[in-house]
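Before the individual points, please keep the sequence and the structure side by side, as each paragraph below refers to both.

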Amino acid sequence: MMRSPSTKCRLASVVAGMMLACSAIAVQAQEARNVILFLGDAGGVPTLSAGGIMAHDRPQSLFIHSMPNMGLSDTSALNNWVTDSGAGMTAIMTGQKTNGSMISVLPSGADGAVTPVKTFLEYAEEKGLSTGIVTNMKIWDATPAACYAHVASRKNQDEIFKQMLAPRFGDGVDILIGKGRSDAIASFAKRQTTAEQAFAQASYMFGDDPAIVRGAKRAAVLRDSDFAPIPAVEATIAQLARNPKGYFLMVEWDMHTDNLANGLKHVVEMDDMIRRVSAVAGKDTLILFTADHSFGLRMGGGKRSTPLAEQYATEAAKPGATLANNPIISVEDGHTGEEVITTASGPGSEKVRGFFANTKLFDIMMAAVGWTKDK
Ligand SMILES: [Zn+2]
């Protein structure tokens with residue numbers, strides 16, 4: 001005859017069940033150790049949509065479309081409805097809106113004075129995490145600069161290079177991969193040094209091949225030409241992930257469609273990067289994709305029976321065709337002010353939903369790693 005379980009046993013199994021449930025909640029509420037921010041520069045919704053259809057001839061075919069959380073981010077600057085990358089990235093990296101062309105500073109007086117604002121990358125450096133920046137634009141350009149520099153004008157290239165090697169927190173960005181090699185050479189020459197010497201003095205391995213990142217504690221890879229994105233990002237993550245405290249990585253990919261083919265190709269390149277990184281990054285990694293602002297691209301036509309790229313090319317070959325008057329995809333060459341999409345996965349990503357200000361992305365990253373902002 002089967003004996004019914006004693007009250008004690010039943011109680012024990014209820015408690016065990018509760019403990020299981022509790023540990024499941026604990027796992028879900030875990031803090032992020034790493035944060036990876038993918039920034040599609042000028043990657044507005046119309047650009048992402050056209051890029052995906054151009055590449056795959058299916059709607060919503062990108063990896064970012066499958067990410068579990070998404071929302072719409074306002075991108076306006078403090079003084080303008082339509083932002084540049086400087087104010088756009090400052091909002092994301094510092095949680096503060098600033099004026100156009102400013103890089104992680106706030107206007108603080110009528111005389112043009114500005115005050116630096118601490119960036120998420122600087123918090124990460126201060127707390128001993130490893131940090132990296134990978135971009136297919138110039139390493140001193142507004143988006144990467146807003147991670148590590150504080151200047152009133154994004155055009156102040158010499159000052160941005162100076163600050164790159166004179167960090168306010170920690171030892172500065174550990175891995176830098178981007179363009180602008182000849183700019184760096186010119187900038188350091190003005191200060192009676194060479195880029196090689198200056199980076200070596202700051203303990204960087206300096207070169208033009210992203211492969212040098214593997215095994216280098218600190219590396220600066222500067223070039224004047226494109227490079228393969230996935231190997232560069234994978235090598236950077238492999239290196240940064242050696243730090244048990246975690247890492248912050250910002251990857252910027254240029255999605256401006258003033259050159260339509262390049263812009264849309266970059267959409268797919270970055271999407272492939274995010275797919276790859278999502279497969280290899282640990283569960284303790286918050287992954288965010290967003291844009292700093294949208295762009296004047298519109299998909300105005302196209303039949304499902306023929307590849308979109310073919311239809312676009314046919315129209316583009318007609319006499320008098322311009323970027324702006326193509327009936328398949330037209331581009332007005334300029335930034336636009338509508339919201340951009342943010343997609344996210346990993347710890348803290350559930351806060352990416354609904355409509356929000358771009359400054360909220362800073363708050364989301366800080367909360368994900370359990371940090372509080374300085375007073
Ligand atoms: Zn931009």
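Contact is used here for heavy atoms within 4.5 Å. This is a predicted model, in which local features need pLDDT of at least 70 and side-chain atom pairs count only at pLDDT 80 or more, while totals for chains, interfaces and linings use all residues. Residues are numbered from 1 along each chain as its sequence is written, and side-chain values use heavy atoms, with hydrogens and water left out.

1. Once neighbours within four places in sequence are set aside, D183 is in contact with K138, W140, Q157 and F161. D183 has a relative accessibility of 15% and so counts as buried, a word that stands for under 20% relative accessible area, with exposed for over 50% and partly exposed for what lies in between (1.4 Å probe, protein chains only). From D183 to E31 the separation is 152 residues in sequence and 39 Å in space, C-alpha to C-alpha.

2. Which protein atoms are the donors of the zinc ion? They are D41 (OD), S85 (OG), D292 (OD) and H293 (NE2), at 1.9 to 2.2 Å from the ion, where donors are N, O and S atoms within 2.8 Å of the metal (3.2 Å for Na, K and Ca), and where sites may look incomplete because water is not among the atoms. The angles among the four donor atoms of the zinc ion run from 89 to 126 degrees, and the site is tetrahedral, a label given to four donors if all angles lie between 85 and 135 degrees. S85 lies in helix α3 (residues 85-94) and D292 in the loop between β10 and β11, so this pair ties together parts that are 207 residues apart in sequence. S85 and D292 are both buried.

3. Helix α2 (residues 45-56) has twelve residues, which at 1.5 Å a residue should span 16 Å, and the 16 Å between its end C-alpha atoms agrees with this; the expected span is 1.5 Å times one less than the number of residues. The buried residues of α2 are T47, L48, A50, G51, G52, I53 and M54, and what covers them includes α10 (260-280), β10 (285-291) and β11 (294-299). Just after α2 comes D57, with a positive phi of about 50 degrees.

4. Two further residues deserve a look for their backbone angles. A42, in the loop between β1 (34-41) and α2, has a positive phi of about 75 degrees although it is not a glycine, and its relative accessible area of 0% makes A42 buried. S104, in the loop between α3 and β3 (105-107), is likewise not a glycine and has a positive phi of about 45 degrees; at 0% relative accessibility, S104 counts as buried.

5. Ring pairs link F161, F188, F199, Y204 and F206 into a cluster, a pair being rings of Phe, Tyr and Trp (its six-membered ring) with centres within 6.5 Å, called stacked if the planes are under 30 degrees apart, edge-to-face if over 60 and tilted for the rest. The count of aromatic pairs comes to eight. F199 and F206 form a stacked pair, 5.1 Å centre to centre with 20 degrees between the planes.

Conventions. Helices (H or I, at least four residues) and strands (E, at least two) are DSSP runs, numbered from the N terminus. Four donors count as tetrahedral if all angles lie between 85 and 135 degrees; four count as square planar and six as octahedral if opposite donors are over 155 degrees apart and all others between 65 and 115; anything else is irregular.
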